[in-house]
Amino acid sequence: MSTRKVAFPPIVGGRPRTLILGSMPGEASLRRGQYYGHPRNAFWPIMTALLGIDPATDYAERTTALVAAGIALWDVMAECERIGSLDTAIRPASVRVNDFQALFDACPDIDLVAFNGGTAEREYHRRVRPGLSPTARAIATCRLPSTSPAHAGMSSGDKARAWHAVLAGRLAQIAS
């Protein structure tokens with residue numbers, strides 16, 4: 001098993017307003033070729049509830065619903081070395097981040113970057129934000145609790161409430 005991990009391209013629609021960032025896909029996600037592909041990850045149950053779609057919809061339909069709601073998905077890291085799925089196993093010297101300036105230039109309506117957990121937030125502020133233009137550095141950010149099953153210190157219900165508190169109002173603005 002290779003320790004070199006390569007992330008997915010972003011899921012971006014025409015005019016996203018919210019960018020949700022993870023750190024690096026875990027092994028289950030990489031095997032499936034899908035963001036948040038671990039069956040116990042709370043991301044898709046939270047998002048399908050927020051978007052009002054059937055949780056049983058397939059991956060393509062869920063990502064289409066995200067795009068329609070003005071949400072983009074990506075990871076802070078483009079590549080890294082890691083054994084297993086835990087963020088704590090990432091070798092810091094091996095990290096290569098994604099080109100966020102290009103994304104923000106192509107998607108000027110993004111006005112919120114929401115981090116799926118602490119590693120995404122820390123690595124973005126440490127490795128990405130300093131190299132951004134002043135306009136991109138001014139984009140609001142917020143940290144949401146990790147939806148990973150490894151983040152067992154918070155119940156799924158509490159995670160969902162935190163995500164809903166930040167995203168529900170944004171989705172209502174898009175719908176109106």
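I looked up what covers the buried residues of H3 and found that the cover includes helix H2 (43–51) and strand E3 (71–75). I took contact as heavy atoms within 4.5 Å, and buried as under 20% relative accessible area, exposed as over 50% (1.4 Å probe, protein chains only). Helices (H or I, at least four residues) and strands (E, at least two) are DSSP runs, numbered from the N terminus.

The model is predicted: local features need pLDDT of at least 70, side-chain atom pairs count only at pLDDT 80 or more, and totals for chains, interfaces and linings use all residues. Residues are numbered from 1 along each chain as its sequence is written, and side-chain values use heavy atoms, with hydrogens and water left out.

I then asked which residues of H3 (residues 59–68) are buried. They are Tyr59, Arg62, Thr63, Ala65 and Leu66. Down the axis of H3, the buried residues fall within an arc of 155° (from the directions from the helix axis to the C-beta atoms), so they line one face of the helix. On the face of H3 turned away from that buried side I noted the exposed residues Thr64 and Ala68. Just after H3, Gly70 has a positive phi of about 80°.

For the whole protein I recorded seven helices and seven strands. The radius of gyration (over C-alpha atoms) is 15 Å, close to the 16 Å of the globule rule (2.2 Å times the number of residues to the power 0.38) for 176 residues, so the protein is as compact as a globular protein of that length. Of the 176 residues, 48% count as buried.
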